[in-house]
Amino acid sequence: MSIAKQRAGRHFLQIPGPSNVPDSVLRAMSKAVIDHRGPDFPDITFDVLNQLKDVFNTTAPIVIYPSSGTGAWEAALVNVLSPGDKILAFETGWFATLWKNMSQKLGIEVEWVESDWRRGVDPSIVADKLAADSKKEIKAVCVVHSETSTGSMSRISKIRQAIDSTNHPALFMVDAISSLGCVEYKHDEWAVDVTISGSQKGLMLPPGLGLNALSEKALEASKLSSSRVSYWSWQEMIENNEQGVFPYTPATNLLFGLQEALKLLHGEGLANVYARHSRLAQATRIALENWGLENLCVVPEEFSDCLTAVVMPEGHDADNLRKIILEKFNMSLGTGLGKMKSKIFRIGHIGDFNELALTGTLSGVEMGLGIAGVPHTKGGINAAMEFLSNQ
Ligand SMILES: *Cc1c(COP(=O)(O)O)cnc(C)c1O
C-alpha cells in the first residue's frame, strides 16, 4: 500500500459514482445527530419525501433505506416477486448482470437477453419476448436505465410502449441508480412499477441511501409475494413514514444531506440540471471524437448523459492510463468493470459538476493520453471548449 502524500488543490473525483458532494451538503451532514423519534424528525422525513417526488416525477410512495443501491435492488425484487417467478432481463453491462445474479440467488428464474455491452435495451426485443410468452409467465421486465459500466442509456418510454403493445401484464422495474437527478425521469408517465435508485450518483450524496419509488400495481403485487421480507418491507416503511418516522433507525445525517442536495437541485431548477448534464456529456463526446477515440456505446440515441466509456486502442491498458492520471494530476477516472477491465475507462460527468470542472477533467485525460503514449489526435479539449463557448 502506498503512503498517502499531502496534495494541494482538490482531488478530481471523475468516476461515475460516488460523485462529488457539494460543500453545503457536507456541512448539512456534519450537524449533530438528532433523535429520530423526537419532535423535529417528522418535518425532515416529510420534506425529503416531498422534494423527491419531482425528481422521480411521481405522486406514488417513495421508500428510503439505509443501504447501498444493491439493497434497493433486493428490496424491489423481494417485495413483489416470489421464488420460482420468472423475469425478463437484459445484459446491458456489469450492473444488469449483477442484478440478474442477485435475482437468481433469490430463486427467481431469469430469461436473460445477452448483448455486447455497447447499447441499451432494444424495445423490439422486449415486445418479441413478451409476445412469445403466451402463458404470461414473465412477472416482471427489469431494465437498467443508465448502465454505469458502459455509458449506454435504455429508452424507458420506448420500452414502456413495447410492453403496452403486447398487452402483457408484467411489472416494469427500472434501475435508475445513476440516472436519477441527471436526466429527466418520469416514473408515473412511463408507468414504471418500481424505480430503484441510490444516493451517491446524481443525488450528490455519499453512498448509503437506497430508494424505491412504487406504483399501485407494485403495492398490490407485494401483498401476493411469498418471499420472506422483513428489513425491506415496503408496508412497514410506508406506515411509519406517514407518521414522519421509520421502522428502524434511518441514516439520519444522510437524510440531512439529502434535504440539502434536493434543495440545491430544485434551486438550480430540475430542467436546468438536466440541460447541464446533456451539455457536458455532449462536450465530452466531442473531445472523444476529436481525439479519434471510440465511445463504447455505439447507438447515438442511447448515449448516457451521466458518463462516457472510452475504448482504449488495441495494445493499450486503460488502467495504466488511469494510474498515470491519478499520480500526476490527482484525478480518479472510472475503471473498466467485468469483461471491460483494462479495455475501457469511464469519465463521470455526473452530479455537482460544471463547465470548468469538465475542461479540467478533459485536459487531464488529454495530458494523460500523451504521457501514456496512447495514439490520439491532440485538441479534443479545444473542440470541447469551442462547443461550450457557443452554448
Ligand atoms: C452504482 C450502481 C449500482 C450499485 O449501487 P451500489 O450502491 O454500489 O450498491 C447499481 N446499478 C447502477 C446502474 C449503478 O450505477
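Two strands count as paired if DSSP finds at least two bridges between them. I take helices (H or I, at least four residues) and strands (E, at least two) as DSSP runs numbered from the N terminus.

**Entry 1, ground rules.** I am working on a predicted model, where local features need pLDDT of at least 70, side-chain atom pairs count only at pLDDT 80 or more, and totals for chains, interfaces and linings use all residues. I number residues from 1 along each chain as its sequence is written, and side-chain values use heavy atoms, with hydrogens and water left out.

I looked up the strand order and found 7 strands in an open sheet, 2-10-9-8-5-3-4, with mixed pairing. From one strand to the next, the twist averages 20°. For angles I use axes fitted as lines to C-alpha atoms, for helices over the stretch in contact, and the angles run from 0 to 180 degrees between N-to-C directions.

I then checked strand 5 (residues 138-144) against strand 8 (residues 171-175): the two pair in the parallel sense over 5 bridges. Within this pair, Val-141 stands opposite Phe-172 of strand 8.

Contact here means heavy atoms within 4.5 Å. Helix 3 packs on the sheet and touches strands 2, 8, 9 (194-198) and 10 (209-213), its direction making about 160° with that of strand 9. Helix 5 (residues 123-132) also packs on the sheet; I find it touching strand 3 (86-90), strand 4 and strand 5, at about 160° to the direction of strand 3.

I counted 13 residues around the ligand (a heavy atom within 4 Å). The closest are Thr-70, Thr-148, Asp-175, Gln-200 and Lys-201. Helix 3 (residues 69-80) gives the largest share of the shell, 3 residues.

- Thr-70: 2.5 Å from a side-chain N or O atom to a ligand oxygen.
- Lys-201: 2.6 Å from a side-chain N or O atom to a ligand oxygen.
- Asp-175: 2.7 Å from a polar side-chain atom to a ligand nitrogen.

The protein covers 88% of the 380 Å² of accessible area that the ligand has on its own (Shrake-Rupley method, 1.4 Å probe).

Strand 11 pairs with strand 12 (residues 307-311) over 2 bridges, and Asn-295 stands opposite Val-310 in strand 12.

Technical notes:
Polar contact = N/O pair within 3.5 Å; in protein donor to acceptor, adjacent residues only side chain to side chain.
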